[in-house]
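Here are my notes on the model, in the order I'd go through them with it open on screen. Have a look at the structure first, then follow the points below.

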Amino acid sequence: MKPYIVSRTRELGEYVLKTHDTIRESAKKFHLSKSTVHYDLSIRLKKVDYILYEKIKKILDKHFEEKHIRGGESTRKKFEEKRLLKDA
């Protein structure tokens, strides 16, 4: 693995551990694709820093469990905004 990838993977892991951001939020922060962030955190981090990987895995699992709730809230907010624009 190239040194810049190892460095990026560690930095992403430490960032998510500190902020508990989702993959999407982390991707925006680091100007990377969601796929790259996901691959870095779920595959590469295991090889780079296993202890950090175990901590990140718990955070990612929690986000996965909450995904349907976040999506529902987002949809509710979207339609609420549409209703407010229509009424105005």
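1. Start with Ile 23, which sits in helix H2 (helices here are DSSP runs of H or I with at least four residues, strands are E runs of at least two, and both are numbered from the N terminus). With a relative accessibility of 19%, Ile 23 counts as buried; the scale calls a residue buried under 20% relative accessible area, exposed over 50% and partly exposed in between, using a 1.4 Å probe and protein chains only. Setting aside neighbours within four places in sequence, Ile 23 touches Lys 34, Val 37, His 38 and Leu 60, where contact means heavy atoms within 4.5 Å. Its C-alpha is 13 Å from that of Glu 11, a residue 12 places away along the chain.

2. Before going on, some housekeeping. This is a predicted model, in which local features need pLDDT of at least 70 and side-chain atom pairs count only at pLDDT 80 or more, while totals for chains, interfaces and linings use all residues. Residues are numbered from 1 along each chain as its sequence is written, and side-chain values use heavy atoms, with hydrogens and water left out.

3. Which residues of H2 are buried? They are Ile 23, Ser 26 and Ala 27. These residues span an arc of only 105° around the axis, so they fall on the same side of H2; the arc is taken from the directions running from the helix axis to the C-beta atoms. Their packing partners are H1, H3 and H4. Lys 28 and Lys 29, on the other side of H2, are exposed.

4. Now the two histidines to check by eye. His 20, in the loop between H1 and H2, has a positive phi near 60° without being a glycine. His 31, in the loop between H2 and H3, also has a positive phi, about 55°, and is not a glycine either. As for accessibility, His 20 is partly exposed at 44%, whereas His 31 is exposed at 71%.

5. Next, the largest pocket, with a volume of about 380 Å³. On a 1 Å grid over the protein atoms alone, a pocket is an open set of points where a 1.4 Å probe fits, with protein on both sides within 12 Å along at least five of seven lines; a cavity is a set from which the probe cannot get out, and lining residues have an atom within 4 Å of a point. Grid points are joined across faces, edges and corners, and the volume is the space filled by probe spheres set on the points.

6. What lines the largest pocket? There are 13 lining residues, and those nearest the centre are Ile 23, Leu 60, His 63, Phe 64 and Lys 67. Helices H2 (23-30), H3 (34-48) and H4 (50-87) each supply at least two residues of the lining, with H4 giving the largest share, 8 residues. By class, the lining has 4 nonpolar, 4 polar and 5 charged residues (nonpolar: Ala, Val, Leu, Ile, Met, Phe, Trp, Tyr, Cys and Pro; charged: Asp, Glu, Lys and Arg; polar: the others, Gly among them).

7. On aromatics, a search of the whole structure finds 2 pairs. Rings of Phe, Tyr and Trp (its six-membered ring) pair if their centres lie within 6.5 Å; planes under 30 degrees apart are stacked, over 60 edge-to-face and the rest tilted. Tyr 15 and Phe 30 are edge-to-face, 5.2 Å centre to centre with 80° between the planes. This pair links distant parts of the chain, with Tyr 15 in helix H1 (residues 3-19) and Phe 30 in helix H2, 15 residues apart. Tyr 15 is buried, at 16% relative accessible area.

8. Tyr 50 and Tyr 53 make a tilted pair, 5.7 Å centre to centre and 40° between the planes. Both belong to helix H4 and are 3 residues apart, about one turn of the helix. Tyr 50 is partly exposed at 47%, while Tyr 53 is buried at 7%.

9. Finally, look at Arg 8 in helix H1 and Arg 44 in helix H3. Arg 8 is buried, with a relative accessible area of 18%. Beyond its neighbours within four places in sequence, Arg 8 contacts Leu 32, Thr 36, Asp 40 and Arg 44. With the same exclusion, Arg 44 contacts Met 1, Ile 5, Arg 8, Thr 9 and Tyr 39.
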